[in-house]
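Please look over this model with its domain interface in mind. The report below takes the interface step by step.

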Amino acid sequence: MPSFNFDDYDTGGFFDELIRPNGKPRSGSEILVERISELPDEELRLRQDAIDKALLRMGITFTVYGDESGTEKIFPFDLIPRIVQAFEWHHIEAGLKQRIRALNHFIDDIYHDQHIIKEGIIPREMLEKAKSFRPQCVGLKPPHRIWCHITGTDLVRDKDGGIYVLEDNLRCPSGVSYVLQNRSVMKRSFPKIFADSKVRPVIDYPSRLYQTLAHLSPHGKPDPTIVVLTPGIYNSAYYEHSFLAQQMGIPLVQGEDLLVQDDCVYMRNTEGFQQVDVIYRRIDDDFMDPEAFRADSMLGVPGLMRAYRQGNVALANAPGTGVADDKVIYAYVPDMIKFYLNETPSIPNVKTYICEREDDRKYVLEHLSELVVKAANEAGGYGMLIGPHSTKEEQDKFAALIQADPRNYIAQPTLSLSRVPTVVGDHFEGRHVDLRPYVLYGESIWVLPGGLTRVALKKGSLVVNSSQGGGSKDTWVLADLDLAQDQSDVDKVL
Amino acid sequence: MLSRVANSIYWMSRYVERAENIARFIDVTLQVILDQPADTGEQWEPLVRTTGDEEFFLKHYGKFNAANVLQFLSFDRSYTNSILTCLQNARENARTVREAISSESWEQLNAYYHFVKEASTSSNASADPEFYDRVRQHSQLFSGILDATMTRGTGWHFANIGSLIERADKTSRILDVKYFTLLRNVHDIDTTFDDLLWSAVLRSVSGFEMFRKRHHALTVHRVVDFLILDAKFPRTLLYCLEQMLHSLNRIASAVPSEQNKAIIGTKDLIRLLRSLDANTIIDGGMHEFIDSFQSQLNDIGQSINETFFKARSFSSSKVAFGTESGSPETGSMQTQSQSASPSSISIES
C-alpha cells in the first residue's frame, strides 16, 4: 500500500541526496527520514496543503499570461528538503569563491588589457562573437574593480556523486527570495525536525546584500541612497524585486521614477528630487539605458551609463558581466582559474564540446542523440536539445542550426542529475534536482549557506526551470561547528 | 517617497474604501427590501444612480432589477467601479508598492481579493447579504492592519487621504440619492417607512447607533446635520475633510503649503461646511449642495494628483493646474489615471 514512508522508496539507480542505494538514509538525513516516516499520511498532506495556501496568501505567485480572469499560480514547492552535509558544503563554498574571483578577474581583464587573449588562453574570436560582450564597457572601472556583486551559480551532481558547475549566472540571477520564503514556510511546517537537524540560517541574506551594495557607494559617501530597479510588475521576478527591496528597507523603483541630470541620477519623490547613489538593477544591460544600449527600451533610464561612467552612481551587477554567461566562455572558466589564480579548479565544469572547434563539432554532430545541446546565449531552458529525449526531427533541426552558426552552440554529455524524494500523489518518488547557491562579492566573497534547489516535477524530466514545469525545495546546509558560531555570524550583520 | 509609490498607495486605499462603500450601499438596500411588503424594484435604480454610471448600466443591462444591479455592482469586470474591479485595482496598486506597505497589510489585501474573486465564480454570492458583510469586514481588517503596522510617515498619510477623500465622496452620494428618493415620497408620508429609510441611510455608513446617542429621534434635518456637519463621527463630510487636512499638512512637498492647491482647496471646503447648517443646506437644495461639494472634492483630488504625483521635469518646479469638472447630474467617480506602464517584458537570467 503506497504511503508517505521510505520503506519502498526506489532510488532507481540514481544518486539520491537523502537515501543510499541500500534504502538507508544518508548521514545527516536520518532525523528527517525517521520523523517524516512516523507522521500519519494525512498530516503530511495537510501540511503540503497549508504550505500551498500560505504561498497563495503571501502572493508568491506567477501571473499566467493571457488569462483574462487573472489566474495566478504559485511556484510549486515540495516539502521534502534537500540536505547538504557540512563537509560537502565547505567544498562547494571554497569552489564557488574561487570561481567568482577568477570570473571577476576575467571580466575586468577583457574590458581592459585582455591579457587572457594576448597570451592565447582564449581565442579572440570566441570573445568577439559573444553576443553579451559590451563594447560600451571597455575601459570602465567599477568601484573596487568588482563587477559581479551578485551571482547565482547552477550546480548539479552526476551519477558518480561529483558536483559540477552547469552554468554561471552573472547578470541578474533570480530565485533567492524563494530560498528565504521556502525556509520560513519549512520552519513553520516542521519546527521540531528543523531544530533537531541543526540547519544553517539563511535569514541574513538581505542584510548581507545591503552591505554589499553599500560598499559600492560612490566617492565613499556614507549612508548612500540605494534602490532596487525593476522592469515592473509584468516581469516574472517582480515578486522577488519587491521582496528584496522590502527586506532591505529601500525603495523599489522603475525606470520612469529615475532621471539623469548633469550625470547624476535622481528619483522623483513627492517632495522633489533625491539623488541615488547605488542601484541594484534587475534589468538586463540591453534595456538599462536607451542612450547606451537598445534605443527602443521603455524600461530604462536615459543617461544612466553616463552617470555610471562618471562614477556618480554605482550599478550592481556592473554592466558587461553577461559576457561570462556565454556558454562558450563558460567552457574556459577552468582555464581562467589557472591563468588568474594559478590554482586548480575545486568544482569542475561539465565536459563541454565547443561547436566552433572542428573536432568538437564533428563529435557533436555524430552523437546528437546522446548529448545536451545548448545555445550559447539562451537561458531559462530554452534553445536546448536533450538528445536522449529528442526525436530524429529535433536532432536534424539542431544539426542544421549548429552548422549554420557553430559559434552559438555547445554540447555536453547528458548528466544523470541526482534526485531527492518528492511528494507525488500519495507517496514519494525521486525527482531530479539542481542547486543554485548565491554568492555576494563585497568587501569579501560570501556564499549563502543554502540556495535554491530546483526540482523537475515531471517524472524523468531533467529540466528544472520554473518556466518548464519545475518547482523548488528548501536546501538544508547542516552546521558542523557548534551552531553558536553560525549564529554569532548572523548577529554581526543583523 | 517616490511619486509613483505615493500615487499607488493613495489609489490602493481609495479602491479598498470604494469597494467597502459599494458593499455598504448594497447591504442596506437588501435590508430595506426585507422590511418592505413587496419588492417593487424601486430600490435598485437609485443604487445605480449613486455611482453616476447609469448610462453604462443601461447600455449593458437595460433593466433595473436585483439580479442585474447586483451583478453590475459586485462582479462586473468590465465596469470600473464594481467591487471586484476595485479590489483588482487596489491589489495591482499594492503589488507595485509591496515594499512600501507592511507585509501584513499586503497579505490581507491579497486574501480579500481572492475572497471576492472566488465569490464571483459562485452563482448566488451577489444576492447573499453575508457576502457584503464579509466585504465590509475585509476592508475594515485591511484599514486596521494598515493603521496598526505602518509608521505615520508619508506612505501612511497618502493611504489615509485616499480613504478619506473616497469616504467623503461616498457619504455624500448616498445622502444625495436617498434624499431624492425620500422627497419623492414626501406626500404619502408614512412615519414608519420614513424612519426605516433614514435609519437605513445611517446604517449604511455605520452611523445609526452613533446618531442615536447624539440625537435620539430621527428627523431629516438631524440626519443631514449629522452626516454632513458632525465633526466627530468618522464618516461625515466634515470629519473626513478635517482629517485629510491633517494628513496633507504632514506631507512634505516641493510646493510651500500656502501655495499647495490641495491644502488650499481642503481648507476652503472645510470653511464652507463650517459656515452652514442643516436648514441652509436643505433650503438651498440638497442636490445642488452635494453637487457642488463633489465638484470641489474632485478638484482637491485633481490638485493632489498635480502636486504630488505628476512627473515634473527637472528644470521647472512650477506646477500647472487644470481644474474643470462639475456636471449637473451625479458625476462618475474619479479613477486613477493610467500612467505609461511598462508593457514590454525584459528577460532575466
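How many salt bridges does the rule find across the interface of domain 1 of chain B and domain 2 of chain B? The rule finds 5. The model is predicted.

## Two domains in chain B

Domain 1 of chain B gives 21 residues to the contact, and domain 2 of chain B gives 23 residues.

## Buried area

About 2100 Å² is buried between domain 1 of chain B and domain 2 of chain B. Carbon and sulfur atoms give 58% of that area.

Three residues stand out on the side of domain 1. B:Arg24, B:Phe25 and B:Thr50 supply 23% of the area that domain 1 of chain B buries against domain 2 of chain B.

B:Glu20 forms a salt bridge with B:Arg235. Their closest N and O atoms are 3.7 Å apart. That distance falls within the 4 Å cut-off for a salt bridge.

Between domain 1 of chain B and domain 2 of chain B, 9 residue pairs are in polar contact, with both residues at pLDDT 80 or more.

## The domain 1 side

Two elements of chain B give two or more residues each to the side of domain 1 that touches domain 2: helix H1 (3-34) and helix H2 (44-51). H1(B) provides the largest share, 13 residues.

By class, this side of domain 1 of chain B has 6 nonpolar, 8 polar and 7 charged residues.

How values were computed: Residues are numbered from 1 along each chain as its sequence is written. Chains are lettered from A and ligands numbered from 1 in the order in which they are written. This is a predicted model: local features need pLDDT of at least 70, side-chain atom pairs count only at pLDDT 80 or more; totals for chains, interfaces and linings use all residues. Side-chain values use heavy atoms; hydrogens and water are left out. Contact means heavy atoms within 4.5 Å. Buried area is the accessible area (1.4 Å probe) that two parts lose on being put together, summed over both. A salt bridge is a side-chain nitrogen of Lys or Arg within 4 Å of a carboxyl oxygen of Asp or Glu. A polar contact is a pair of N or O atoms within 3.5 Å; within protein, one must be able to donate a hydrogen and the other to accept it, and residues adjacent in sequence count only if both atoms are side-chain atoms. Helices (H or I, at least four residues) and strands (E, at least two) are DSSP runs, numbered from the N terminus. Ala, Val, Leu, Ile, Met, Phe, Trp, Tyr, Cys and Pro count as nonpolar, Asp, Glu, Lys and Arg as charged, and the others, Gly among them, as polar.
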